Amino acid sequence: MSDTLTIPGYKVGTWNIDPTHSEVGFSIRHIMVSKVKGKFERFNATFVTPENPLEASVTASAEVASVNTNQADRDGHLRTGDFFEAETYPTIDFVSTGARVKGDDFLVDGDLTIKGITKPVTFELEFGGFGGDPYGNYKAGATAVAKINREDFGLTYNAALETGGVLLGNEVTITIELQAALAA
């Protein structure tokens, strides 16, 4: 593998996430038969892209209190000590530690902190591309996906079902749809 990577349209600089064209979402198995999806309504991220894309970095944060699963009672429960404990741990944070290419995949490694517990995680990144918007901004788009075990982050709440099994699965898929603008 080469030490550098060429990406058409790539530019050096600092990029800020565009929250109106981005989403931080998650899904988890519910009652063992379907998946429930949710998202965080408030989040931010900054990307720094040096000459070599493999040396790029990202810092990101999502406000726990902004969790939205389209069910107010569930969202309230997610903010409690049974889950995220939003008052004590108001944000979920990610700081990249490296980027690499594995086969056809572009991977971003980093440290994810949920509920005060930090663990390494790898996001698989799919580039959407680069281009200008109608207002003269230069934008980048991508989708990033990672799977984590929620219990690794102290999210252990569960309930047994009368029909067997449990209310919640352990695997959580995090999906980030992002669009970022190059800072002027």
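**View 1. A salt bridge between aspartate 18 and lysine 139 in the predicted model**. The side chains of aspartate 18 and lysine 139 meet at 2.9 Å, taken from N to O. This pair links distant parts of the chain, with aspartate 18 in the loop between strand 1 (13-17) and strand 2, and lysine 139 in strand 10 (residues 138-149), 121 residues apart. Both aspartate 18 and lysine 139 are buried.

**View 2. Aspartate 133 as a further partner of lysine 139**. The closest N and O atoms of the salt bridge between aspartate 133 and lysine 139 are 3.6 Å apart, and aspartate 133, like lysine 139, is buried. Through shared partners, Asp18, Asp133 and Lys139 are joined by salt bridges into one network.

**View 3. The salt bridge of glutamate 41 with lysine 39**. Among the seven salt bridges that the structure holds, this pair has its side chains meeting at 4.0 Å, N to O. Glutamate 41 counts as partly exposed because its relative accessibility is 41%, and lysine 39 is also partly exposed, with a relative accessible area of 28%.

**View 4. Phenylalanine 84 in the largest nonpolar core**. This core has 42 residues, of which Phe40, Phe47, Phe84, Leu112, Ile114, Phe123 and Ile148 touch the most other members. When residues up to four places away in sequence are not counted, phenylalanine 84 touches Phe40, Val64, Leu78, Tyr89, Ile92, Ile114, Lys115 and Leu155.

**View 5. A nonpolar surface patch that includes methionine 32**. Ile31, Met32, Val33 and Val166 make this patch of about 340 Å². Methionine 32 is placed in the loop between strand 2 (23-30) and strand 3 (34-40), and methionine 32 counts as partly exposed because its relative accessibility is 48%.

Note on methods: Residues numbered from 1 in each chain as written. Predicted model: local features only at pLDDT ≥ 70, side-chain atom pairs only at ≥ 80, totals over all residues. Heavy atoms only, no water. Core = buried A, V, L, I, M, F, W, Y, C linked by side-chain atoms within 4.5 Å. Buried < 20%, exposed > 50% of the residue type's maximum accessible area, 1.4 Å probe, protein only. Contact = heavy atoms within 4.5 Å. Patch = residues over 30% accessible without salt bridge, like charges linked within 9 Å, V, L, I, M, F, W, Y side chains within 5 Å. Areas by Shrake-Rupley, 256 points an atom, 1.4 Å probe, with all protein chains shown as cover. Helix = DSSP H or I, 4+ residues; strand = E, 2+ residues; numbered from the N terminus.
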